[in-house]
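The following note collects points on the packing, pairing and side-chain contacts of the structure shown below. Each point may be read alongside the coordinates.

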Amino acid sequence: MRDQVNVVRPPHQALRMAALLGDKEATYQVAVSQVVNMSGCDPILEMPLDGCDLPDLTTPENGYLYFHFHTCHTPVVSALASSTTNTVKDLSGLQVVGGDSLTITGSGFGDLACQVEVSVGEASCSVTSASDTSVTCDLDNLDNLRSGAYLPITVKAINRGITVTDIAGYSSEGRVVVVPQVSSLSPLEGSLCGSTLLTISVSGLQGLVASPVVLVGGQTCVVQSVSSTTVTCLTPPSTSATVATFTLTVAGVQMDTLTFTYSEALTPVVTSMAVQGEEVTLSGHNFGSDNTKVTITLVQQSVPRGCREVPQEEEKEDLMVEEREGWWWWC
């Protein structure tokens, strides 16, 4: 099915107000209207927007209260901009990272920072300055924002209410998208045999519906943990010493491209093995000096180039005598 939806502004109108106690309506004796300050901000916004032609909305003289809805009392957002430029491929919207400042252009915001409130999705954007046509706010807290999601921006002017968004390119410019940003990768080098634990420091990983995907040299770096600021993963093996491309993908969108170096100098090498009773002694180099960081694992799988083969437990005595099927490797 195909159809078309036309969105139009609501008409100027005056609607009757009613105060009820149970099913009994109050009587009204309003002689003079009073302006009530809100949030300690003075003055609140009660006058029409500058230069706006306010036609007369007549109301019956019948002793009831009426509230007037009118575009001359409706603030408008016409443009959004960010303090940084982020152009992640396959993402539209206004792309932001933690700590960015947003500048909102329009009309009817008031002249004081206390007269306007801004939120992006479920997060508050702290207003730092305001004029009747421009508001600036800091996007410091991303905890309530989901990465990669298109989020609406809401601007509320005290006593005028929520603004109308009138941005021509709304799909590309009127929505905010939080972009994860890699600040560091550690370590930058590791073993050819893989299993180097990479720690990726990232901002903007809140509210993910699926784990990030990390690739090193086009192979999966198996994710071990994810937080709002850190991703850890174990590198895959490499067949040679090389500089491999590192990529982080969130919600199907590739965010960053860095490099990781596979180094022979950082690859542990076993040159011999001795077995005495239940004790196994491995000789070689690049094991490091901290025995708490050395683990030995026997796993049955295909052997990456450069990793020494070690046979099954019952075949250890025949290590140098003959080859058999079902070899195990250690790296």
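1. Glu25 has a relative accessible area of 32% and is therefore partly exposed. The model is a predicted one, and Glu25 is joined in it to Arg16 by a salt bridge whose closest N and O atoms are 2.5 Å apart. Arg16 is also partly exposed, because its relative accessibility is 41%. The count of salt bridges in the model comes to three.

2. Another salt bridge is formed by the side chains of Glu117 and Lys156, with an N to O distance of 3.5 Å. This pair connects distant parts of the chain, since Glu117 belongs to strand E8 and Lys156 to strand E12, 39 residues apart. Glu117 is partly exposed at 38% relative accessibility, and Lys156 is likewise partly exposed at 37%.

3. Asp132 and Arg160 form a salt bridge as well, their closest N and O atoms being 3.8 Å apart. Asp132 sits in the loop between E9 and E10, and Arg160 in the loop between E12 and E13, so the pair ties together parts that are 28 residues apart in sequence. Is Arg160 buried or exposed? Arg160 has a relative accessible area of 14% and counts as buried, because the cut-off for that class is under 20%.

4. The model contains an open sheet of eight strands with mixed pairing, in the order E13-E12-E8-E9-E10-E7-E5-E14. Strand E13 (161-162) and strand E14 (164-165) are at the edges; each has a single partner strand, so one side of each lacks a neighbour in the sheet. Within the sheet, E5 and E7 pair in the antiparallel sense over six bridges. Ala81 has Thr103 of E7 as its bridge partner.

5. The largest nonpolar core comprises 24 residues, and those with the most contacts inside it are Leu102, Ile104, Val118 and Val120. Among the elements that give two or more residues to this core are strand E5 (76-82), strand E7 (101-107), strand E8 (116-120) and strand E9 (123-130). Strand E6 (94-96) and strand E15 (176-178) are also included among these contributors. A second, separate core has 18 residues, including Leu198, Val214, Cys221 and Val231.

6. Which residues does Ile104 contact, leaving aside its neighbours within four places in sequence? They are Val77, Ala79, Leu80, Phe109, Val118, Thr133, Ser134, Val135, Cys137, Ile153 and Val155. One of these partners, Val118, is listed with Ile104 among the residues with the most contacts inside the largest core.

7. Phe69 is located in strand E4 and is partly exposed, with a relative accessible area of 40%.

8. Leu266 is placed in the loop between strand E24 (253-262) and strand E25 (269-276). Leu266 is partly exposed, with a relative accessible area of 42%. Apart from its neighbours within four places in sequence, Leu266 is in contact with Glu189, Gly190, Ser191 and Asn286. The C-alpha atoms of Leu266 and Leu192 are separated by 7.9 Å, and the two residues are 74 residues apart along the chain.

How values were computed
Residues numbered from 1 in each chain as written. Predicted model: local features only at pLDDT ≥ 70, side-chain atom pairs only at ≥ 80, totals over all residues. Heavy atoms only, no water. Core = buried A, V, L, I, M, F, W, Y, C linked by side-chain atoms within 4.5 Å. Buried < 20%, exposed > 50% of the residue type's maximum accessible area, 1.4 Å probe, protein only. Helix = DSSP H or I, 4+ residues; strand = E, 2+ residues; numbered from the N terminus. Contact = heavy atoms within 4.5 Å. Pairing = 2+ DSSP bridges. Salt bridge = Lys/Arg side-chain N within 4 Å of Asp/Glu carboxyl O.
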